[in-house]
Each structure stands twice: as structure tokens, then as C-alpha cells.
Amino acid sequence: MANDKRDPDWYLALMAPNTKGPEFSWLDPTAMYRNAEAFQQCVADLTKAFKPDEVDLVAGIDATGFILGGAIACHLKKGFLAIRKYGHLCVDVDDVRFKDYSKKEKRLEIRKDAFKPGTKVLIVDQWIETGGNMGAAVELVERQQGIVAGIACVCIEETEGGKRLMEKYKCVSSVVSREIQDQVNAKNLESFKTYKPL
Ligand SMILES: O=P(O)(O)OC[C@H]1O[C@H](OP(=O)(O)OP(=O)(O)O)[C@H](O)[C@@H]1O
Ligand SMILES: Nc1ncnc2[nH]cnc12
């Protein structure tokens, strides 16, 4: 990409707007993952701030955090820990209850003895809105004496919860410019005006 004249976060314009109503999140980043160049660029962007010895294990949040988290684990040549929605693992678990952007009660779980104490864990998800899911994931990792090496998401909204996570942990997202971050915070991307499904 030596002569690439695109903005560094060009691929965010491939995310699809919500056309189904308020019970869904306001856009769909999985539309962007279908583009090979976009997906690979996103994985590269979310990992470049981490040196190999900064991360021992990558954790992804159920469900869409598995897509990016799995790809990031392979890119960094690390193992992958699934942070699952409650009730899915067939082994003993630790779990956390919380509320997310839907304002409904949610619950995440990880297996007991998921990693050794002191393991440096990079937590990956698609998105941070209220920070409910990510806050719960952090709690699960820290309860087992893991060290949160960082947090990686396509976008992190500058909500109260998002800002709290950014103050405390090394957080990376694909958003580069103030302009796009403001659009993310406003839940309305300029690119929606010209977004075309394939
Ligand atoms: O910051 P928050 O308010 O917690 O919102 C962010 C979460 O919401 C979405 O998950 P959701 O459970 O809606 O969808 P998914 O199962 O498709 O990943 C998203 O993937 C994050 O996990
Ligand atoms: N995938 C997503 N897109 C936009 N906002 C979100 N809030 C929670 N998940 C989201």
C-alpha cells in the first residue's frame, strides 16, 4: 500500500447502517469484515500498538468479538480465550452480571482457571458503547488475576463508560480522526449517506 491515498480509517465507511430499528445496535461492522483488504487492515491497525511480549493471550467477547479476537490472536500468534454469554460453557465458570446499551440485564462467563495468574490479556470486541460488556470482561479477567494488557475495538464511543476504560487501560480503535470519532459518538456516520450494499 505504498501509494495509498486513502484516509487511514477508510474502511470504516464499509460499515452498514441499521435499517431494522431501535432494538438493534445502530450499525453493523460485520459488513466491513467481508472486504479482505479492510479486515486485514483493521486487524493490523488494532495490533500495531502491542509488542509481542506485551500480550500472552487474546480474549474475545461473545459474539462478534470472536470474529476480530480470533483474527487478532492468529495475527499476534497467541492463544484465544472465549468470553461467552452466560450459560454456554460446559465447564465450571466465573460470571458477571451487567447492563449494556440495550439497558437489559446481561451476563458473561469464562471458564475457571482460564489462564495462569499474571497472564497479560488483550481483550477484543467489535464495539464499546456504554462499556457494559467490556467492563464485565475486564472484571472476569482481573478476578482470575489476569493483567489487562489492552483493549481493542473497531470503535470506542466516548461515553462515560468508554472514557472510564480509556483512562484506565491501553485502548486502541480503528478511528484516527477527531471528525470520525465525533460521528461515532453521535451514532451517525457521514458515510451512511453514500453507503451502498454490495
Ligand atoms: O458497550 P456496550 O453497551 O456493552 O455495547 C457493546 C457491545 O454490544 C455489542 O454486542 P451485542 O451483544 O449487541 O451483539 P453480538 O452478540 O452480536 O456481539 C457489541 O459487539 C459489544 O459487545
Ligand atoms: N455493533 C455496534 N454498532 C454500533 N453500536 C453498538 N453498540 C453496541 N454494539 C454496537
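Me: Let's start with arginine 34: does it count as buried or exposed, and why?
Reply: This is a predicted model, so keep that in mind. Arginine 34 counts as exposed, because it has 11 C-beta neighbours inside 10 Å, and the cut-off for exposed is 12 or fewer.

Me: Where does arginine 34 lie?
Reply: In the loop between helix H1 (30-33) and helix H2 (36-47).

Me: And how are the C-alpha atoms of arginine 34 and asparagine 133 separated?
Reply: By 24 Å, with the two residues 99 apart along the chain.

Me: Now ligand 2. Which residues are around ligand 2?
Reply: Ser25, Trp26, Leu27, Pro29, Tyr101, Gln126, Trp127 and Glu129. The shell around ligand 2 splits into 5 nonpolar, 2 polar and 1 charged.

Me: Stepping back, how many helices and strands does the protein chain have?
Reply: 6 helices and 9 strands. The radius of gyration is 16 Å, close to the 16 Å that the globule rule gives for 198 residues, so the chain is as compact as a globular protein of that length. Along its principal axes, the C-alpha trace spans about 50 × 40 × 30 Å.

Me: What share of the 198 residues is buried?
Reply: Buried residues make up 37%. On the contact side, take the contacts with a separation of 6 or more: 57% of them are between residues 24 or more positions apart.

Me: Back to the strands. In what order do the strands of the open sheet come?
Reply: The order is S5-S6-S4-S3-S7-S8-S9, which is 7 strands with mixed pairing. Strand S5 (93-99) and S9 stand at the edges with a single partner strand each, so one side of each has no neighbour in the sheet.

Me: S7 keeps coming up. Is S7 mostly covered or mostly open, and how many of its residues are buried?
Reply: Mostly covered: 8 of the 9 residues in S7 are buried. Strand S3 (residues 57-61) pairs with S7 in the parallel sense over 4 bridges, and S8 pairs with S7, also parallel, over 8 bridges.

Me: What is the bridge partner of leucine 57 in S7?
Reply: Valine 121. Over towards S8, valine 124 stands opposite alanine 152.

Me: Switching to helix H5. Which residues of H5 are buried?
Reply: In H5 (residues 160-168) the buried ones are Gly161, Gly162 and Leu165. Seen down the helix axis they fall within an arc of 105 degrees, so they line one face of H5. As background, an α-helix has 3.6 residues a turn, so residues three or four places apart point the same way.

Me: Which residues are exposed on the other side of H5?
Reply: Glu160 and Glu167.

Me: What covers the buried residues of H5?
Reply: The cover includes S7, H4, strand S8 (147-156) and strand S9 (171-172).

Me: What about the phi of aspartate 113?
Reply: Aspartate 113 has a positive phi of about 50 degrees although it is not a glycine. Aspartate 113 lies in the loop between strand S6 (105-111) and S7, and it counts as exposed because it has 11 C-beta neighbours inside 10 Å.

Me: And what is the phi of lysine 187?
Reply: Near 55 degrees, again a positive value in a residue other than glycine. Lysine 187 is in the segment after helix H6 (178-185). With 13 C-beta neighbours inside 10 Å, lysine 187 counts as partly exposed.

Definitions and conventions:
Residues numbered from 1 in each chain as written. Chains lettered and ligands numbered in written order. Predicted model: local features only at pLDDT ≥ 70, side-chain atom pairs only at ≥ 80, totals over all residues. Near = placed C-beta within 6 Å. Nonpolar A, V, L, I, M, F, W, Y, C, P; charged D, E, K, R; others polar. Helix = DSSP H or I, 4+ residues; strand = E, 2+ residues; numbered from the N terminus. Rg over C-alpha atoms; globule rule 2.2 N^0.38 Å. Buried ≥ 20, exposed ≤ 12 C-beta atoms within 10 Å, placed from the backbone. Contact = placed C-beta atoms within 7 Å. Arc of directions from axis to C-beta. Pairing = 2+ DSSP bridges.
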